[in-house]
Structures are given as C-alpha cells and as structure tokens.
Amino acid sequence: MCLILFSYQQHPDYRLVLAANRDEFLNRPTLPLDYNFAGELILAGKDLQGGGTWLALGEDNRLAAITNYRDPAIIRSAAPSRGQILLDYLRSKRSAVDFLRHFNSSADEYNGFNLLLVDQQEMLHFSNVTGTTTRLVPGLYGLSNHLLNSPWPKVERGRRMLADTLLAEGRPNSEEIFQLLQDNQLPDESLLPQTGVGIEWERLLSPIFIDSPGYGTRSSALVTMRDDCSVEFHERTYSHDGGVRKTEDRSFSIIQETSEERVGYR
C-alpha cells in the first residue's frame with residue numbers, strides 16, 4: 001500500500017474502518033482480491049512478481065498491511081520481498097506482539113517499511129526504519145511512505161476527509177469512501193516532502209489518487225471490522241489506459257467464528 005487511512009476503536013459498532021490505495025507500476029502483474037493462496041484462508045490481492053501481498057485478512061480477524069518507506073538512498077536490490085511479511089504473520093498463528101517479538105531480529109534484512117498488524121486484542125504499528133513498535137490507542141490515523149501520521153499533504157487531507165465521511169454518514173459508506181480514495185487534488189508544491197526522488201516524482205506521488213502513464217493507483221480497498229466479529233473487505237481496481245476507469249469491484253463478507261464453508265463471497 002502507499003496510503004492507509006484508518007479509524008481505530010472510535011465508532012460504537014466498528015472496531016476498525018480502514019481505507020487504502022495501492023500505487024504501483026502499471027506493468028507489474030497482480031491478482032485481485034480473493035483467496036489467492038491455495039489451501040489457506042488468507043483473503044488478499046497477490047503480487048505475482050514478488051509473490052506476496054500488501055493488505056491481507058486471515059483467520060480470527062487478524063489483519064496485516066504494509067507500506068514502503070520512501071528513501072532511494074537506502075534501497076538494496078537484493079533485499080527480500082516485504083510483501084511476504086504479511087503472509088508470515090497470518091501463517092504464524094501468533095498474536096501481533098508475539099510475531100513482532102520473533103520477527104524483530106530479521107527486520108533489518110528488508111528495505112524500509114511500515115507494518116500494521118491487527119489481532120483480536122490490539123493493533124500495532126512497526127517500522128523497521130526506527131525499530132519501534134507502537135500499540136495504537138483509539139484514534140484516526142494516516143500512513144503513507146514515511147512514518148505513522150507523518151504530516152504529508154495526502155495523509156493530512158485523507159484523515160480529514162475520512163473523519164468528515166464517518167461523521168456525516170454515521171457508519172462506513174463504501175461508495176463515499178471509494179470516492180475519497182479517488183481524490184486527485186494536487187497540494188501546493190511548497191508542502192511536498194523531500195524524500196530523494198526529485199520534484200517531478202514528489203509532485204506525481206502527492207495526491208491521494210495517482211494517475212500517470214506508467215505508474216498509478218491500481219486498486220483501492222475498504223476493510224470494516226465490527227465489534228460482533230463480522231468483517232467486510234471491498235476492493236475496487238482501476239485501469240489507466242488513456243484515462244482512469246473502474247474495472248472491477250469485489251466484496252467479501254465474513255463471519256470469523258464460522259467454518260470455511262460459511263465464509264461468504266458477495
């Protein structure tokens with residue numbers, strides 16, 4: 001993911017409302033949201049180049065999401081795929097804090113990232129750039145390609161828009177949130193971060209929704225977790241062939257305490 005906006009433990013009925021955009025090179029092969037990992041109850045899109053994923057839901061309301069940390073000066077070409085970390089967590093059956101306790105010693109092998117982990121008890125943020133783990137308290141958060149709640153224009157704007165949407169609707173409205181995730185307003189150039197990629201790329205990457213000839217927002221996602229353990233996972237994919245257009249909507253409704261046979265696709 002390149003932008004994750006989420007409300008955690010702020011709604012009387014929803015433990016988590018998470019809205020996110022995946023920005024990627026348009027020629028990178030990808031499978032849309034599904035049970036893409038054979039024999040496993042892992043609901044996620046799949047990166048066919050690296051074999052991993054960017055946002056995934058496993059059993060028992062365990063969720064994982066990742067963003068890359070943007071700093072070309074510290075990129076190592078031989079580093080392992082960060083998208084595998086999410087699968088390792090969901091396959092481990094460990095709590096979020098226990099997984100990070102065991103994973104911490106190998107975190108430096110990867111290029112920079114931010115990791116969000118959810119289990120039945122808590123939600124954690126971990127950055128291998130700072131080496132710190134944070135237990136999240138109830139609040140509204142934004143995460144892009146720096147650190148949690150870094151005041152980048154797209155993060156600040158996205159948090160405000162999500163707060164306004166949830167306040168106005170009283171409950172998560174999927175279409176309103178997908179419209180938020182398609183916001184393409186360019187911020188003032190003086191507000192752009194300086195991450196080492198040059199001003200043209202900083203400008204291109206600055207809106208919530210990105211559209212360019214070779215790189216852009218490939219998909220948007222919305223995950224809602226209710227306090228009754230039900231989860232909804234929605235994904236909208238986009239084509240950038242001479243103009244942005246929606247290509248597909250996928251929605252899954254899940255009751256986590258049921259057997260695999262009752263996990264529903266809608």
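This is a predicted model: local features need pLDDT of at least 70, side-chain atom pairs count only at pLDDT 80 or more; totals for chains, interfaces and linings use all residues.
**Entry 1**

The cut-off I applied is under 20% relative accessible area for buried.

I then counted aromatic pairs, and the structure holds 13. Tyr89 and Phe99 form an aromatic pair: the ring centres are 5.4 Å apart and the planes stand at 65°. Planes over 60 degrees apart count as edge-to-face, so this pair is edge-to-face. I also checked where the two residues sit. Tyr89 belongs to helix α1 (residues 83-92) and Phe99 to helix α2 (residues 96-103), so the pair ties together parts that are 10 residues apart in sequence.

**Entry 1: Phe209 and Tyr238**

I looked up another pair, Phe209 with Tyr238. Their ring centres lie 5.0 Å apart with the planes at 85°, so I noted this pair as edge-to-face. Phe209 is in the loop between α5 (199-204) and β11, while Tyr238 is in strand β12. The two are 29 residues apart, and the pair links distant parts of the chain. I checked burial as well: Phe209 has a relative accessible area of 5% and is buried, and Tyr238 is buried at 7%.

Which residues do ring pairs link into a cluster? I wrote down Tyr89, Phe99, Phe103, Tyr110, Phe113 and Phe126.

**Entry 2: Charges over rings**

I searched for charged side chains placed over rings and noted two arginines. Arg226 lies over the face of Tyr14, at 4.8 Å from the ring centre. Arg236 has its charged end over the ring of Phe178, 4.7 Å from the centre of that ring. Phe178 is a buried residue of helix α4, which I took up next.

**Entry 3: Helix α4**

Helix α4 spans residues 174-181. I found Ile177, Phe178, Leu180 and Leu181 buried there. Why do the buried residues of α4 line one face of the helix? Seen down the axis, they fall within an arc of 155°, so they line one face.

I then asked what covers them. The list includes β1 (3-8), β2 (14-25), α3 (153-169), β11 (215-226) and β12 (230-239). At the start of α4, I found a side-chain oxygen of Asn173 within 3.1 Å of the backbone nitrogen of Glu175.

Is Thr165 buried or exposed? Its relative accessibility is 12%, so Thr165 counts as buried. A polar atom of the Thr165 side chain lies 2.9 Å from the backbone oxygen of Met161. Leaving aside neighbours within four places in sequence, I found Thr165 in contact with Glu176, Ile177 and Leu180. Ile177 and Leu180 are among the buried residues of α4 noted above.

**Entry 4: Strand β10**

I finished with strand β10, residues 139-143. How many of its residues are buried? I found 5 of the 5 buried, so the strand is largely enclosed by the rest of the structure. Both faces are covered. Gly139, Tyr141 and Leu143 are on one side, with Leu140 and Gly142 on the other.

I looked up what β10 pairs with and noted β1. The two strands run antiparallel and are joined by 5 bridges. In one entry of my list, Ile4 has Leu143 of β10 as its bridge partner.

Technical notes: Residues are numbered from 1 along each chain as its sequence is written. Side-chain values use heavy atoms; hydrogens and water are left out. Buried means under 20% relative accessible area, exposed over 50%, partly exposed in between (1.4 Å probe, protein chains only). Helices (H or I, at least four residues) and strands (E, at least two) are DSSP runs, numbered from the N terminus. The arc is that of the directions from the helix axis to the C-beta atoms. Contact means heavy atoms within 4.5 Å. A polar contact is a pair of N or O atoms within 3.5 Å; within protein, one must be able to donate a hydrogen and the other to accept it, and residues adjacent in sequence count only if both atoms are side-chain atoms. Rings of Phe, Tyr and Trp (its six-membered ring) pair if their centres lie within 6.5 Å; planes under 30 degrees apart count as stacked, over 60 as edge-to-face and the rest as tilted. A charge sits over a ring if NZ of Lys or CZ of Arg is within 6 Å of the ring centre and within 35 degrees of the ring normal. Two strands pair if DSSP finds at least two bridges between them.
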